[in-house]
Amino acid sequence: MKKCIIIPDSFKGTMSALEFCQIAEKTVKRHMPGCEVLTIPVADGGEGTVDCFVCALGAEKIERSVCGPWQENVSAAYCVKDGTAFIEMAQAAGLPMVGEHKNPAKTTTFGVGSLIRDAVEQGCKSIVIGLGGSCTNDGGSGCAAALGVRFENAAGEPFVPTGGTLAQIRRIDLSGARELLAGVKITAMCDVDNPLCGPECAAAVFGPQKGANVAMIARLDAGLKHLAEVSGKAKLASMPSAGAAGGMGFGMMAFFNCPLQMGIDGLLDIIDFESILAGADLVLTGEGRIDPQSMRGKTVIGVARRASKCGVPTIAVVGDIADGIESAYDLGVSAIFSINRVAMERKLMKLRAKSDMEATVENIIRAVKAVKL
């Protein structure tokens with residue numbers, strides 16, 4: 001094997017994409033010292049997107065203090081390269097930020113808008129924002145409010161809506177945001193393709209992991225439906241990825257006329273992945289869990305699709321393998337390996353994840369050597 005590309009997402013809460021790259025690169029080079037190894041830690045729009053662009057593009061990282069999901073002050077970062085700012089909403093409204101204090105009816109994306117505003121005020125004319133890993137369900141209204149969109153209740157009073165108060169919106173004024181963002185292009189990267197409302201929507205599918213029970217899910221879904229109607233952009237609610245990040249996909253389209261694309265595809269376009277694939281013999285990718293949801297735009301499938309078109313086999317190294325993932329092979333994945341080598345509790349598995357990952361990659365490379373790839 002002359003050239004190997006290592007391009008994983010993180011194993012959330014266990015191993016970063018960069019750690020995956022470091023371990024896999026060391027293992028490949030130990031067994032194939034003459035092999036050219038390229039490492040590209042990636043993210044599909046969620047947690048780690050900023051660090052990915054810092055690593056892949058050499059972008060400058062900028063730290064700021066902004067409003068967190070519970071309106072507390074938090075430290076967040078974005079990065080800039082050649083006048084383009086790369087922002088991830090998980091920096092200011094990420095699920096890990098709330099711990100056990102989950103409530104998508106009350107958490108806000110206001111801090112995400114503050115990051116975008118800061119980048120614009122610093123002179124950036126292009127914004128790429130990753131939508132994913134959120135603890136919110138406000139349809140992006142908090143973000144919009146931070147950027148000058150005015151939301152009014154029945155009394156004509158301005159307020160910043162959250163997931164639980166979307167139904168109170170009676171009028172939306174976009175003029176402030178239009179003035180602020182004149183001449184600025186915003187593109188959103190999404191990690192799922194769910195619509196805004198209904199059984200496959202933002203609240204129903206992702207609400208439970210954010211702390212919503214059945215009754216709250218119904219209220220959140222109704223709020224998002226109301227937001228779509230009062231905005232005058234109800235037709236956008238059924239668009240793919242409108243339900244991404246608690247409906248923020250819809251908000252980006254409705255408030256900022258922002259195009260959406262699957263996160264991993266946007267990232268692969270930016271780094272010109274097809275050029276990187278030239279001459280490659282193997283791609284190693286991975287993520288914490290592969291399941292049917294992965295088929296809808298996650299890293300493993302996005303990478304495998306591109307590599308397959310270029311005739312390069314892709315092997316996925318993952319934590320868990322769910323049932324019902326057979327379609328991954330039709331989408332370009334050559335093989336899938338789990339790093340879970342011993343049956344034990346998850347909290348114990350996390351402690352040995354890195355060593356198990358190294359051992360798994362070693363077995364893959366041994367097999368590759370055996371067939372002289």
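How many aromatic pairs does a search of the whole structure find? It finds 4, where a pair means rings of Phe, Tyr or Trp (its six-membered ring) with centres within 6.5 Å, called stacked if the planes are under 30 degrees apart, edge-to-face if over 60, and tilted for the rest.

Quick background, everyone. This is a predicted model, so local features need pLDDT of at least 70 and side-chain atom pairs count only at pLDDT 80 or more, while totals for chains, interfaces and linings use all residues. Residues are numbered from 1 along each chain as its sequence is written, and side-chain values use heavy atoms, with hydrogens and water left out.

Okay, the rings. Phe11 and Phe20 sit with centres 5.8 Å apart and planes at 45 degrees, so that pair is tilted. Phe20 is buried at 0% relative accessible area; buried means under 20%, exposed over 50%, partly exposed in between, using a 1.4 Å probe and protein chains only.

Then there's Phe151 with Phe255, an edge-to-face pair: 5.6 Å between centres, 85 degrees between planes. Phe151 is in strand β7 (residues 150-152) and Phe255 in helix α9 (residues 244-256), so the pair ties together parts 104 residues apart in sequence. Helices (H or I, at least four residues) and strands (E, at least two) are DSSP runs, numbered from the N terminus.
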